Amino acid sequence: MAKEKENEEQEETEAESAQLKGTSAEEIATEFKEHSVAEFFKKNMQMLGLTGKIKTLTTIVHEYVTNSLDACEEAKILPDIEVQVKELGNEYYEITAKDNGPGLTKETVGKALGQLLAGTKFHRMMQMRGQQGIGAAGCTMLSQITTGKATQVITGTGKHAPISLEITIDPKKNEAKISNLTELKKEFKGTVIRAKFKDVKYVNSEQAPLEYLRRTAIANPHAQITLIEPSGNKIVFKRTLKEIPAKPLEIKPHPKGITVDELSTLAKYTKARQVSSFLKSELDRLGDKAVEEIAKNVSFDLRKDPRQLTWEESEEIIDQFKKISFIAPRTDGLRSIGEERIKKSLSSIVVPEFLSVVTRKPGVYKGGFPFQVEVGIAFGGNAGKTGIVNEEGRQERKVEIMRFANRTPLLFDTGACAITKAVQSIDWKRYGIKDLESAPLTVFVNLISVHIPYTSAGKQAISDEDEIMEELRLALMDTGRKIYTFIGRQKRQAEKEAKRKMFYKYASEVAYAVSELAQKPKKQVEDKLHALVLKHLKLEEQKEKEADAKGEASEEEIEKAYEKKMEKEKKETAKGKDGGKKEPIEEGESE
Ligand SMILES: Nc1ncnc2c1ncn2[C@@H]1O[C@H](COP(=O)(O)OP(=O)(O)OP(=O)(O)O)[C@@H](O)[C@H]1O
Ligand SMILES: [Mg+2]
């Protein structure tokens with residue numbers, strides 16, 4: 001016993017002295033190991049949004065559903081998607097996602113669902129819901145590390161017999177391991193993915209699958225989405241539009257947004273033999289005229305091999321891009337939901353008293369990525385979320401901000417998202433909304449782009465790029481002004497009605513007195529008085545219309561003033577002055 005204690009003490013002193021001595025570079029070198037991207041994400045599942053019991057379950061549904069919608073859109077198929085969540089035990093669930101999409105081939109199914117950072121979307125500048133090649137494989141990994149089980153897949157392309165298989169990921173190699181691969185006798189086109197997960201929870205909250213799918217249905221009226229809850233309850237979000245959205249187009253970067261690094265990278269891999277043809281073939285809206293202009297002003301010959309382009313030369317080209325006025329980026333690559341469809345969706349779901357939808361013209365943000373903003377504001381009716389029950393026993397309503405990126409609902413990281421920041425940066429009082437938090441408003445915002453600048457791999461919040469923030473604010477202010485006009489009109493209507501009632505009441509009394517004095521029949525005097533009241537009210541109405549028309553004009557002025565202010569702020573920031581963004585002074589907007 002005494003001997004054992006002696007040994008323990010000796011070990012402790014050795015460890016202490018090693019700690020005091022520190023580790024040498026040579027010793028550290030023995031610890032140097034490489035690891036695969038799969039090992040990295042296995043340790044950092046939270047980076048994929050797979051953290052928190054409720055959030056994880058919703059994120060899994062989101063990954064499967066976005067993939068199904070993307071696949072159907074590319075294949076021009078009206079999506080029919082079914083998600084089933086089964087409870088297998090305490091915080092233990094099985095999720096099945098089934099679609100009628102194009103399916104996956106025997107060759108690609110492993111890479112698609114069993115290899116991280118592999119997919120068809122990352123290398124294409126195309127408006128899609130997924131973009132990283134990590135969503136579905138991340139779910140396969142999560143299933144395997146929480147339950148030790150494989151993900152089951154059935155997929156058919158319509159050309160060959162459908163296949164059934166099981167997938168796991170080899171984290172060391174970031175490779176799919178496929179087992180039990182069999183060909184099925186029945187006909188099936190589409191994909192079914194079934195996986196089990198532990199440490200997750202199905203609830204009915206604002207951040208749960210049901211709300212996620214409800215919002216998906218709002219932004220994708222062409223999709224039929226079914227959810228079977230653990231209780232067996234089946235909810236169907238019916239397709240309200242039979243038209244398949246036009247397939248998004250792959251586009252090239254716009255010269256106004258591209259960085260020196262991106263231009264240098266493109267130059268290294270281009271097939272073009274000269275810088276001039278490289279610029280024309282790899283960039284959007286760049287033609288002979290621009291090439292001539294650049295050739296005149298750079299210090300090198302544009303016939304040079306693009307692979308030999310130096311960093312400094314790329315910088316010269318970018319400087320020239322800033323001076324040339326290019327046509328705005330191609331917009332035919334972007335696919336907005338469209339004002340009419342948003343109106344239809346929102347009116348059927350929130351049944352508001354007033355609805356205003358604005359689609360801004362496309363813009364470009366840093367990196368040459370085209371984007372576009374769509375905003376809808378629904379006021380009154382069932383707009384907003386249900387709030388507390390007030391003293392009169394009436395259920396109050398609260399503002400509801402529905403954020404979307406490429407038609408995909410964003411439910412988490414609300415505070416970090418450009419959309420929330422833009423909504424909060426607006427001085428809503430100017431638009432007749434005294435307290436935004438308690439307003440019966442549904443604010444719907446969809447940002448579309450060939451590349452959404454997410455703040456993290458979890459794809460929950462959009463980064464507040466200057467150009468995106470500006471467009472979001474302009475769209476919100478535009479809808480805000482329409483709400484303001486509506487609220488003002490509602491108020492004036494109520495006041496007019498009260499006035500009319502009062503005038504009519506006194507007209508009868510005055511008619512009696514006047515008829516006595518003028519020796520005229522009371523009825524005759526009363527009719528004349530009523531006609532006078534009506535004339536007076538009509539005159540007031542005319543004045544209102546004129547004021548409204550004047551209001552419209554000043555809205556344009558406000559927008560121009562805002563754009564001017566943003567321009568000025570940008571210049572000031574460039575000069576290093578305080579360019580802090582504040583709400584612009586908007587003339588004629590306060591009551
Ligand atoms: N249901 C499906 N039908 C057809 N193809 C699919 C389906 N699900 C996934 N895929 C294919 O598998 C690839 C990988 O999917 P994954 O979700 O991992 O990445 P992604 O969708 O490309 O990007 P992100 O990580 O942003 O979701 C996709 O790019 C797509 O080509
Ligand atoms: Mg995906």
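Q: How many cavities of 30 Å³ or more does the structure hold?
A: Two. A cavity here is a set of points on a 1 Å grid over the protein atoms alone, where a 1.4 Å probe fits but cannot get out. Points join across faces, edges and corners, and a volume is the space filled by probe spheres set on the points.

Q: What kind of model is this, and how is it labelled?
A: This is a predicted model: local features need pLDDT of at least 70, side-chain atom pairs count only at pLDDT 80 or more, and totals for chains, interfaces and linings use all residues. Residues are numbered from 1 along each chain as its sequence is written, chains are lettered from A and ligands numbered from 1 in the order written, and side-chain values use heavy atoms, with hydrogens and water left out.

Q: OK, how much space lies in the largest cavity?
A: About 60 Å³.

Q: Which residues line the largest cavity?
A: Lining residues have an atom within 4 Å of a point. For the largest cavity they are T58, T59, H62, Y212, P409, L410, L411, F412, G458, K459 and Q460. Helix 4 (53–75) and strand 15 (408–410) are the elements that give two or more residues. Helices (H or I, at least four residues) and strands (E, at least two) are DSSP runs, numbered from the N terminus.

Q: Which element gives the most to that lining?
A: Helix 4, with three residues.

Q: And how do the lining residues divide by class?
A: Five are nonpolar, five polar and one charged. Nonpolar covers Ala, Val, Leu, Ile, Met, Phe, Trp, Tyr, Cys and Pro; charged covers Asp, Glu, Lys and Arg; the others, Gly among them, are polar.

Q: Y212 is in that list. Is Y212 buried or exposed?
A: Y212 counts as buried, because its relative accessibility is 3%. The scale: buried is under 20% relative accessible area, exposed over 50%, partly exposed in between, with a 1.4 Å probe and protein chains only.

Q: Where does Y212 lie, and what does Y212 touch?
A: Y212 lies in helix 7 (residues 209–219). Leaving out residues up to four places away in sequence, Y212 touches T58, V61, H62, T66, T408, P409 and L411. Contact means heavy atoms within 4.5 Å. The C-alpha atoms of Y212 and T59 are 9.3 Å apart, though 153 residues separate the two along the chain.

Q: What about the second largest cavity?
A: About 40 Å³ of space lies there. S264, A267, K268, P306, R307, L309 and S314 line the second largest cavity. Helix 8 (residues 260–269) gives the largest share, three residues.

Q: Switching topic. What is the strand order in the open sheet of eight strands?
A: The order is 5-4-3-6-2-1-7-8, with mixed pairing. Two strands pair if DSSP finds at least two bridges between them. Strand 5 (175–183) and strand 8 (234–237) are the edges, each pairing on one side only.

Q: Which helix packs on the sheet?
A: Helix 6 (residues 135–147) does, touching strand 2 (92–99), strand 3, strand 4 (163–170) and strand 6. Its direction makes about 35° with that of strand 6. Axes are lines fitted to C-alpha atoms, for helices over the stretch in contact, and angles run from 0 to 180 degrees between N-to-C directions.

Q: What joins strand 8 to strand 7?
A: Four bridges, in the antiparallel sense. L227 has I235 as its bridge partner. The two strands form a hairpin with five residues between them, and G232 in the turn has a positive phi of about 100°.

Definitions and conventions
1 Å grid on protein atoms, 1.4 Å probe; cavity = no way out; pocket = protein on both sides within 12 Å on 5 of 7 lines; lining within 4 Å.
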